Amino acid sequence: MTTSARRGWLGGTFDPIHCGHLDVARAAHAALGLNRVTLVPSSIPPHRPQPVASAADRAAMAQLAASEPWLEVSTIELDGRGPSYTATTMDRLAALGVDLRSLVVITGADAFVGILSWHRVDELLDRVSFAVVSRPGHPAPALRTALSALAPRMVSPESWQPSSHPSIVLVDAPTAPVSSTMVRAAIAAGQSLTGLVPEAVEAYIAAHGLYTGT
Ligand code: ATP
Ligand code: MG
């Protein structure tokens, strides 16, 4: 079976989506030769701090940000079936007929450093490849020492073999030093969002009066 059609899977709260997220998608797309990247707004377990914007608004902003032909949005984690764990989403994709060997889960290095506490992590790492992209202050190559138990699975994009056992591909590329927290703070302070979020997302935020109270 061919695994040549490679799809990236970038989950996040996207509250709101910003230029850093798009840089992560672009970096993984370029470094791993992905055919497409799916942005996946996540639902949050009830006992964790909830997103400020509604699921519908977060998905709508992700859709507006997905302007490149290879970018798309999935609302699979927003359908009310409870908290999103990557492992259970992978179960659902597999049940839908997706070949998980063609999928690459994308995260920032700040998120991946907590991977050992993820739901069903051992099984997850054996099932699907990861692309871990540097975030300002969180270089992906540092994960070789921070997560030394997983270091044997870590490879550079140049040495990655998509058909091999699932790997952790470290992508050391620059991304915009932006966070959703920073964007919400800028809105609350009445500052411009130019350079922080795509123009269409800025217009959506203004039109819907989002984040003005945070
Ligand atoms: P918040 O400030 O609310 O925590 P965030 O900016 O971290 O938001 P998330 O939706 O939590 O955004 O991030 C989704 C994914 O994108 C995570 O894997 C995170 O590591 C990654 N990511 C977000 N911003 C960047 C960035 N500027 N560079 C690299 N990775 C990023
Ligand atoms: Mg975050």
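The largest cavity holds about 80 Å³ of space. By cavity I mean a set of points on a 1 Å grid over the protein atoms alone, where a 1.4 Å probe fits but cannot get out. The volume is the space filled by probe spheres set on those points, with grid points joined across faces, edges and corners. Fourteen residues line this cavity, and Leu-100, Arg-101, Leu-103, Ser-129 and Pro-162 are the closest to its centre. A lining residue has an atom within 4 Å of a point. By class, that lining has seven nonpolar, four polar and three charged residues. Nonpolar covers Ala, Val, Leu, Ile, Met, Phe, Trp, Tyr, Cys and Pro; charged covers Asp, Glu, Lys and Arg; the others, Gly among them, are polar. The whole structure has one cavity of 30 Å³ or more.

A word on the source. This is a predicted model, where local features need pLDDT of at least 70 and side-chain atom pairs pLDDT 80 or more, while totals for chains, interfaces and linings use all residues. Residues are numbered from 1 along each chain as its sequence is written, chains are lettered from A and ligands numbered from 1 in the order written, and side-chain values use heavy atoms, without hydrogens or water.

Now the largest pocket. A pocket is an open set, with protein on both sides within 12 Å along at least five of seven lines. This one has about 1300 Å³ of space. Its lining counts 44 residues, with Gly-11, Gly-12, Thr-13, Ser-42 and Ala-111 nearest the centre. They divide into 18 nonpolar, 20 polar and six charged. Helices (H or I, at least four residues) and strands (E, at least two) are DSSP runs, numbered from the N terminus.

Next, ligand 1. Which residues come nearest? Of 22 around it, Asp-110, Thr-175, Ala-176, Ser-180 and Thr-181. Around means a heavy atom within 4 Å. An N or O atom in the Asp-110 side chain is 2.5 Å from a ligand 1 oxygen. For Arg-135, a polar side-chain atom lies 2.9 Å from an oxygen of ligand 1.

Last, strand S7, residues 168-171. Both faces are covered: Ile-168 and Leu-170 on one side, Val-169 and Val-171 on the other, all buried, that is, under 20% relative accessible area with a 1.4 Å probe, protein chains only. S7 pairs in the parallel sense with S5 (129-133) over four bridges; pairing takes at least two DSSP bridges. Leu-170 is the bridge partner of Val-132.

Key
Buried < 20%, exposed > 50% of the residue type's maximum accessible area, 1.4 Å probe, protein only. Polar contact = N/O pair within 3.5 Å; in protein donor to acceptor, adjacent residues only side chain to side chain.
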